[in-house]
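Please look over the sequence and the fold shown below before reading the notes that follow.

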Amino acid sequence: MADMKKFSAPLKRGESRKRKQRRLTGRQKAFLGVGIVAAVLAAVGSGRFKSRAAGNGEAGAVRTAVAQRMSITSSLSSAGTLSPKDTYTITSLVSGDVVSAEFEEGDQVEEGQILYVIDAASVETELESARNSVERAQTTYDLAAEAYDQAVSDYSGNTYKSTETGYIKTLYVKAGDKVSAGTKLADIYNDQVMRLKVPFLSTDAAGIGVGNGAVITMSDTGEQIGGTVTAVSAMEGTMAGGRLVRYVTIEVGNPGGLTQESSATVQVGEYLCAQEASFEPALDTVMSADISASVEIASLAVNEGDYVARGSAVFRMTDKTAESLIRSYKNTMDQALEALESSKSKLDNTQDSYENYTITAPISGTVITKNTKAGDKISASGNAAATLAMIYDLSLLTFEMSVDELDVQSVKVGQTVEVTADACEGRTFSGTVTNVSLAGSYSNGVTNYPVTVTLEASDELLPGMNVDGNIIISQAEDVLTIPVDCLMRETGSM
């Protein structure tokens, strides 16, 4: 037998499932007629359908009808209440005075449009402070990272390297000694470059500049060599006879014969020094350890009298203390990084708090209510935040239909729904099934399932209106049909 749509109604109170009566609408009856029309026509030909008079042996009239071709529809109906596609309640996470609220009820607003601006003066101060903290933490971290990288380079091979270039006059450490920051390592001097500090009359010194060339005349031999002005003192001194002088420093490469006992006079341009002076090494200093943690010397790499260049090894550290030294730099860098991340996190939180003082539209839609205006004071305290405004997205409307458990399997997303409203008499609107929920509700022995219907917005339809929905389950065109009440059933047949 051809497919037949089963229609059902909920059980009445006290009625068993077996005795439940199937209720068929006019449309459903017509559809049922289609299902059995072939059998009817065949039965007529075979004589299986008879008049009531013939079947009972009693006289009676037989009702007849002409079969017709027509369109039929199977559907499910239910009522509901229209709601907007989306509803958003505007609340505030912060407290303060409303500075501006440039919108009104009935306005169309776009997503992201500014609705309220709340006074955020106090947070602006916190925000600026948080930014300054991040800058300071970043600088500290950069310096710590640079120091760590430099330490890895400086102490490569577990060696401590010279910070000066010159000869070792005196060595103050030996293998097994502990060295920490400031420990005296050696006296260093460098006589490859010699230096003269000679007095010039103050008026003459005013005409001498750093970088000027100088002619140096040796006092004992009269030999002349060239030098360069490296400094001009700004402080005046007094020589014999009350002459005011300023000292000018000249450096000269040592050709090999200059010692601290050698003396000379200097002329810079047209200016002649006021008195000769003795040479001294350009470098004559104490080299001390520049180190962040105490280390132990495993072995020396230099001896007294050796010439060392900046960056060359002075001594080798024990492996254990060298590892501890590098770790100290890394720990400092890691602590600086933690402080930087913490300050950034605080800045982010403060920035988020600051942004809460500007409230924007979360959706595009129509302002339904506006409860707060410019000049009002907002309080965000308490569990329930006050509603500042409400926005509806009226681009689409929705409502829910309640469908019986026997029929819900026939309902599918995408099916067409005919919608009518008492407020729009004579009008039919078209909707679509957009969701069939599995969360059924049980009542009076029957489970019903909510079915969501969505339809295009219309000027005639408003949220809150009551509507009736008619879900089109199936349709057939140009179908041969006869009225159901024209059919009689013979016991045991069909």
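**A helix across a sheet**

Helix α5 (residues 319-355) lies across β18 (295-300) and β20, and runs at about 100° to β20, where axes are lines fitted to C-alpha atoms, for helices over the stretch in contact, and angles run from 0 to 180 degrees between N-to-C directions. Helices (H or I, at least four residues) and strands (E, at least two) are DSSP runs, numbered from the N terminus, and contact means heavy atoms within 4.5 Å. This is a predicted model, in which local features need pLDDT of at least 70 and side-chain atom pairs count only at pLDDT 80 or more, while totals for chains, interfaces and linings use all residues. Residues are numbered from 1 along each chain as its sequence is written, and side-chain values use heavy atoms, with hydrogens and water left out.

**The sheet**

- The strands β6-β20-β18-β8, in that order, form an open sheet of four strands with antiparallel pairing, two strands being paired if DSSP finds at least two bridges between them.
- The edge strands, each pairing on one side only, are β6 (159-161) and β8 (178-179).
- Three bridges join β6 to β20 (residues 313-317) in the antiparallel sense, and threonine 159 has arginine 316 in β20 as its bridge partner.

**Helix α5**

- The 37 residues of α5 reach 53 Å from first C-alpha to last, close to the expected 54 Å, a span that is 1.5 Å times one less than the number of residues.
- Buried residues of α5 include Leu325, Tyr329, Met333 and Leu340, buried meaning under 20% relative accessible area with a 1.4 Å probe, protein chains only.
- The cover over the buried residues of α5 includes α3, β18 and β20.

**The nonpolar cores**

- A nonpolar core is a set of buried Ala, Val, Leu, Ile, Met, Phe, Trp, Tyr and Cys residues joined through side-chain atoms within 4.5 Å.
- In the largest nonpolar core, which has 30 residues, Tyr155, Tyr160, Val179, Leu185, Phe315 and Leu325 touch the most other members, and α5 gives the most to this core, with five residues.
- A second, separate core of 22 residues includes Leu76, Leu397, Phe429 and Ile471.

**The whole chain**

- The protein chain has five helices and 29 strands, and 35% of its 494 residues count as buried.
- Among contacts between residues at least 6 apart in sequence, 74% join residues at least 24 apart.

Terms used:
Buried means under 20% relative accessible area, exposed over 50%, partly exposed in between (1.4 Å probe, protein chains only).
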